[in-house]
Amino acid sequence: MSHNASQRTALVVLSHHRQDSLTAHIARRTVYQLESAGYRVDLLDLHAEGFDPRMNTADQPDWNDRDKPYSPEVEEHMRRILAADLIIAVFPVYWSYAPALLKGWIDRVWNYGFAYGRSKAKLAGKRMLWIGLAGATADDDVIPVMHTMLENQLSAGIAYYCGLSDSRIALLPDAEERPQRLDAHGTLHIGDAVTGTARDTHFAEFESKAAEYVAEFLTSDRVPA
Ligand SMILES: Cc1cc2nc3c(=O)[nH]c(=O)nc-3n(C[C@H](O)[C@H](O)[C@H](O)COP(=O)(O)O)c2cc1C
């Protein structure tokens with residue numbers, strides 16, 4: 001792909017352990033959508049790249065030194081973030097939150113002196129879209145609650161805390177082929193899998209909903225004056 005200085009760059013952060021997952025599929029479609037819209041894309045596949053989400057001594061912040069050099073691996077991730085105008089994370093919702101792999105990436109890489117703790121935020125002006133795939137069905141009462149939790153945790157708690165100019169949650173329910181419902185007694189009922197054309201329709205709608213969120217996010221993308 002050609003690369004010119006004015007080309008906008010997007011970092012797509014995929015957080016899933018299986019290449020054949022719906023999450024990885026949506027991430028790949030997102031990459032294609034961004035490239036078709038003229039973006040240069042850096043796909044960061046956390047699992048495939050062997051990212052270790054566990055905090056360690058080298059990457060633990062030193063509150064007395066905001067210029068502490070972190071591990072070479074983390075410094076490289078920081079460069080990839082700095083090079084991006086947009087960041088799009090694609091992940092399965094686990095316990096109404098980001099999975100440990102993505103959370104660990106935030107913990108280790110969005111570190112003191114880099115992502116926060118400076119009078120002039122290094123990440124200021126960047127925009128972020130969080131695409132979370134959820135097993136719950138769209139009509140489950142847990143969905144609006146989950147949306148609010150993700151908004152609070154990821155947008156308010158992380159992105160805006162780090163000075164990003166825009167952070168949005170794209171919550172995609174119905175990620176499972178078999179609908180799941182918890183009854184009043186705490187029993188999980190797993191319904192029949194959708195099959196045939198109903199299955200094709202289900203996933204086509206799922207894909208287009210994801211693409212709509214991305215398209216809407218890109219519509220508001222402006223080169224800073
Ligand atoms: C550890 C774990 C926790 C989960 N927590 C939730 C949850 O809180 N809410 C929800 O709707 N789905 C939850 N799920 C279902 C996943 O969101 C769902 O399996 C996933 O989005 C499907 O996409 P995939 O096939 O790409 O993994 C959970 C799944 C796992 C394995």
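Strand E1 (9–14), strand E2 (40–45), strand E3 (86–92) and helix H3 (100–109) are among the elements that cover the buried residues of helix H2. Contact here means heavy atoms within 4.5 Å, and buried means under 20% relative accessible area with a 1.4 Å probe, protein chains only. This is a predicted model, in which local features need pLDDT of at least 70 and side-chain atom pairs count only at pLDDT 80 or more, while totals for chains, interfaces and linings use all residues. Residues are numbered from 1 along each chain as its sequence is written, and side-chain values use heavy atoms, with hydrogens and water left out. Helices (H or I, at least four residues) and strands (E, at least two) are DSSP runs, numbered from the N terminus.

**Sheet**
- An open sheet is built from five strands in the order E2-E1-E3-E4-E5, with parallel pairing; two strands pair if DSSP finds at least two bridges between them.
- E2 and strand E5 (166–172) each have a single partner strand and stand at the edges, so one side of each has no neighbour in the sheet.
- From one strand to the next, the twist averages 15°.
- E3 and strand E4 (residues 127–133) run parallel and are joined by seven bridges.
- Ala89 has Trp130 of E4 as its bridge partner.

**Helices on the sheet**
- H3 lies across E1, E2, E3 and E4 and runs at about 130° to E1; axes are lines fitted to C-alpha atoms, for helices over the stretch in contact, and angles run from 0 to 180 degrees between N-to-C directions.
- Helix H5 (residues 196–219) also packs on the sheet, where it touches E3, E4 and E5, and its direction makes about 170° with that of E5.

**Buried helix residues**
- In H2 (residues 72–82), the buried residues are Val74, His77, Met78, Arg80 and Ile81.
- These residues line one face of H2, because they fall within an arc of 160° when seen down the helix axis; the arc is taken from the directions from the axis to the C-beta atoms.
- Helix H4 (residues 142–160) buries Ile143, Met146, Leu150, Leu154, Ser155, Ile158 and Ala159.
- The cover over the buried residues of H4 includes E3, H3, E4 and E5.

**Ligand site**
- The ligand is surrounded by 17 residues (a heavy atom within 4 Å), and the closest are His16, Thr23, Trp95, Leu133 and Glu176.
- A polar side-chain atom of Glu176 is 2.3 Å from an oxygen atom of the ligand; a polar contact is a pair of N or O atoms within 3.5 Å.
- An N or O atom in the side chain of Thr23 lies 2.6 Å from a ligand oxygen atom.
- A polar backbone atom of Val93 is 2.9 Å from an oxygen atom of the ligand.

Definitions and conventions: Buried < 20%, exposed > 50% of the residue type's maximum accessible area, 1.4 Å probe, protein only. Polar contact = N/O pair within 3.5 Å; in protein donor to acceptor, adjacent residues only side chain to side chain.
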